[in-house]
Amino acid sequence: MDGIIQFEKVHFKYPEDQRESLRDVSLTIREGSFTAVLGRNGSGKSTLAKHMNAILLPTEGRVLVAGIDTADAPRLLELRRQVGMVFQNPDNQIVANVVEDDVAFAPENLGLPPEEIRRRVDAALEQVGMLEYRLHAPHLLSGGQKQRVAIAGVIAMEPRIIVLDEPTAMLDPQGRREVLSTVLRLRREKGMTVVLVTHHMDECIPADRLLVLSEGRIAADGTPEEIFSQDALLRDLGLDLPETARLLRDLRQAGLELPGGALDLEGCAQAVAAVLN
Amino acid sequence: MLKDITLGQFFPGDTIVHRLDPRTKILLVLLYIVALFLAVGWLGYGLSVLALVGGMALSKITPRNLFKGLKPLIFIISLTAAINLFYTGGTPILPGWIVTWEGIDRALKMVLRIVLLVTGTFLLTYTTSPMALTDGLELLMKPLKKVRFPVHEMTIMMSMALRFIPTLIEETDRIISAQRARGADFETGGLIRRAKALLPILVPLIVSAFNRAYDLATAMESRCYHGGEGRTRMKQLKLKRVDFAALALGAAYMTAAVLLRNYGI
């Protein structure tokens, strides 16, 4: 049991709340994996994410990230440079009036030499496909572009983990696609550990592990295929199936024999085509 | 309706003025302001006009853009003119009139002083990006750290404020539309009524600004922000030959301003 992120019996309660937001959460996330965290509003999924870079500290239990206890204050910077955190509202996480100055913010905070900052800024913008916009004003970009700048802003720290807290909640479908494909590419090309918090079912499909949170507890934990095949469980948690899974389920109920497993658009299309032929 | 706010506006360009180090530009503007307040006679004012016109020509900022920024100040300018015109003693222009020759002279000078002051500082903000401006200020004020003045904190607050001006303007526009859709009326009624109508705009704006500030602080901390200690900059400011030339010119200008004042012209 040696993961890059480790939660050990974590409880958390906001001071102004009666109820705990996280109750006895234990989990291990492997390095290089893509974990999606799904849950309704108030399920504690954002709270969970905020424990991963010590924005919140557990009231009970402990969280280890890259071997560092998040409560270890002297090592806070060392911890945070390994965990890039992207938030919901792109406007509220961009700090500069020019795209490249914004991306430079984190490496500047780390006290890196100017040439190294320049290299990282260009590399990060290249990776999110925003290099040509590097001299633009962020407030004139589209939502998806802003969010990609925000992602560039955290990968300029060259973190091992990237945690995205509902990064697509305020975006239009086009922006959502841009952000998701950027995230997938980072994982593929840089081998980054990805944690994606979301309430969109279909965004969980490419993940290799899906955690479902409900009332501060882990209600389900498995591959997306496993979880989306458990109709009753999802209904209890108040979650819908992704469209592809719903189609496959309906076809199966209608008596077609479909191969199980695949949930992405491609796999779903192939499964249906195989039966039709 | 809020689109024409020029505060903190920056016209990108590639002129010699744009390329000057922000520190040089800040110092030159300070010299310009001091010289302006030293001016007593028309020759002194002429020197300042010359400096402004020179800067304007070199930076290729059109007079139209420069004077557009004066619009919100028309009231203050007219008031200053009126007070100086009517309340300066001396020789009346016609026997029995309240307006004196001295009054006209002073009113013109005061108006010129305000116009030159404002347009001169606009020349700085128009040709310097907000980021460069705050960087320049931070470096110039560095010595104040010795007396525990929070230089870094002040400049980062300034750059955040400038960063959020467009975002908050957008938000205000949205709130206004939303309140209008609910039947709010911002255009009719007396002054008090109109001031009261602003309340349903200000309250949501302030609430949302606080939420944004909270989010922003979290995002900054997540990106390892921990104050000015040990922070480096990607864009290093470096004084070039043109900066020294500009500063020498500024010194000469200052000397001329002091001399003109001594002779009272």
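**Entry 1: the two domains of chain B.** I began with distances in this predicted model. Taken over C-alpha atoms, the centres of domain 1 and domain 2 of chain B are separated by 30 Å. I then looked up the bounds: domain 1 of chain B is made of 1-140 + 238-265, while domain 2 covers 151-231.

**Entry 2: chain A as a whole.** How many helices and strands does chain A have? I found 10 helices and 10 strands. Next I checked the radius of gyration of chain A, which is 20 Å; the globule rule gives 19 Å for 277 residues, so chain A is as compact as a globular protein of that length. I also noted the span of its C-alpha trace, about 65 × 45 × 35 Å along the principal axes.

**Entry 3: burial and contacts in chain A.** I looked up burial and saw that 48% of the 277 residues of chain A count as buried. For contacts in chain A with a separation of 6 or more, I read that 63% are between residues 24 or more positions apart.

**Entry 4: the nonpolar cores.** A friendly reminder to myself: in soluble globular proteins, nonpolar side chains tend to be buried together. Here the largest nonpolar core has 87 residues. Among those with the most contacts inside this core are V37(A), V103(A), A152(A) and L196(A). Which element gives the largest share of this core? I found helix 5 of chain A (residues 143-155), with 6 residues. I was pleased to see chain B here too, as the core draws at least three residues from each of domain 1 and domain 2 of chain B. I also noted a second, separate core of 22 residues, which includes L28(B), L36(B), A39(B) and L123(B).

**Entry 5: a look around V103(A).** I picked V103(A), one of the residues with the most contacts inside the largest core. Leaving out residues up to four places away in sequence, I saw that V103(A) touches V121(A), A124(A), L125(A), V149(A), A152(A), G153(A) and A156(A). Of these neighbours, A152(A) is also on the list of residues with the most contacts inside that core.

Key
Residues numbered from 1 in each chain as written. Chains lettered and ligands numbered in written order. Predicted model: local features only at pLDDT ≥ 70, side-chain atom pairs only at ≥ 80, totals over all residues. Helix = DSSP H or I, 4+ residues; strand = E, 2+ residues; numbered from the N terminus. Rg over C-alpha atoms; globule rule 2.2 N^0.38 Å. Buried ≥ 20, exposed ≤ 12 C-beta atoms within 10 Å, placed from the backbone. Contact = placed C-beta atoms within 7 Å. Core = buried A, V, L, I, M, F, W, Y, C linked by C-beta atoms within 7 Å. Domains from an automatic or database assignment.
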